[in-house]
Amino acid sequence: MNPLLEKSKTSLMASAQKLFETREEQQGDDAAELMGALEDAVLAGNKIMFDPKTHAHLEIVKNPASRKDPVSTVSKGITGLCWIMYMQSKQEIDPQVLIMAGFILINDALDFVERGYGIKVDEQVLAETTKRFSEQIMEKLGITEEHLREYQANGKVTDFGQPQQQNTDGILSQPRSA
């Protein structure tokens with residue numbers, strides 16, 4: 001794996017651990033349970049991305065033109081993947097777990113893009129992909145700037161907005177039945 005991506009994944013796991021420990025101290029949430037949920041979400045996301053049954057449906061695999069803009073393709077794809085996992089969990093997966101899983105999955109997807117297609121992944125590509133994913137997934141989850149300010153001020157959000165009921169185009173493009 002690209003050393004930048006490896007370092008990023010390690011840093012993200014350490015950040016998640018600290019975040020969940022803080023939640024445990026402030027809100028009584030179980031940090032070990034949240035870390036387990038994160039590991040499960042990353043495992044599930046990678047299984048979906050790299051399972052032979054679904055891998056061929058990845059936009060970056062099936063559409064060579066999408067490789068010209070890996071930032072857009074990967075950020076949109078990981079957003080779609082996280083949305084699928086969120087909906088499959090019946091909207092019960094913790095949003096922080098889902099978002100952290102998305103950050104980690106970005107590294108795995110970009111590693112695939114670099115090794116599989118020879119597209120150079122540097123700090124700028126990683127940062128812009130992460131930024132776009134953050135914007136897209138928060139919009140889908142109904143998380144606003146106001147929610148983020150409330151979280152920063154109080155350590156929690158009293159009421160998230162309603163998740164959008166959008167399609168999941170992006171990561172998979174399976175044929176739709178007529």
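This is a walk through the structure shown above, from its overall layout to a few individual residues.

Please keep in mind that the model is predicted, so local features need pLDDT of at least 70 and side-chain atom pairs count only at pLDDT 80 or more, while totals for chains, interfaces and linings use all residues. Residues are numbered from 1 along each chain as its sequence is written, and side-chain values use heavy atoms, with hydrogens and water left out.

Let us begin with the whole chain. The protein chain has eight helices and zero strands, where helices (H or I, at least four residues) and strands (E, at least two) are DSSP runs numbered from the N terminus. Read from that end, the elements run α-α-α-α-α-α-α-α. Of its 178 residues, 43% count as buried; buried means under 20% relative accessible area, exposed over 50%, and partly exposed in between, with a 1.4 Å probe and protein chains only. Among contacts (heavy atoms within 4.5 Å) with a separation of 6 or more, 72% join residues 24 or more positions apart.

The largest nonpolar core has 43 residues, and Leu-38 and Ile-78 touch the most other members. Such a core is a set of buried Ala, Val, Leu, Ile, Met, Phe, Trp, Tyr and Cys residues joined through side-chain atoms within 4.5 Å. Two or more residues each come from helix 1 (3–27), helix 2 (31–50), helix 5, helix 6 (95–117) and helix 7 (123–141). Helix 6 gives the largest share, 13 residues.

Helix 6 also packs against helix 7, at an angle of about 145° and with the axes 10 Å apart. Here the axes are lines fitted to C-alpha atoms, for helices over the stretch in contact, and angles run from 0 to 180 degrees between N-to-C directions. The contact includes Leu-98, Gly-102 and Ile-106 of helix 6, together with Thr-129, Phe-133 and Ile-137, among others, of helix 7. By class, this contact has twelve nonpolar, five polar and no charged residues; Ala, Val, Leu, Ile, Met, Phe, Trp, Tyr, Cys and Pro count as nonpolar, Asp, Glu, Lys and Arg as charged, and the others, Gly among them, as polar.

Now follow helix 1. Its 25 residues should span 36 Å at 1.5 Å a residue, and the end C-alpha atoms, 35 Å apart, agree with that; the expected span is 1.5 Å times one less than the number of residues. The buried residues of helix 1 are Leu-5, Ser-8, Leu-12, Ala-16, Phe-20 and Arg-23. An α-helix has 3.6 residues a turn, so residues three or four places apart point the same way. The buried residues of helix 1 pack against helix 2, helix 6, helix 7 and helix 8 (145–154).

Helix 5 (residues 70–88) has 19 residues, which should span 27 Å, and its end C-alpha atoms are 26 Å apart, in agreement. Helix 5 is mostly covered, with 15 of its 19 residues buried. Leaving aside residues up to four places away in sequence, Thr-79 touches Phe-133, Gln-136, Ile-137 and Lys-140.

Finally, look at the loop between helix 5 and helix 6, where Lys-90 has its place. Phi of Lys-90 is positive, near 60°, in a residue other than glycine. Lys-90 counts as exposed because its relative accessibility is 67%. Gln-91 lies in the loop between helix 5 and helix 6 too, and its phi is also a positive value near 60°. At 32% relative accessibility, Gln-91 counts as partly exposed.
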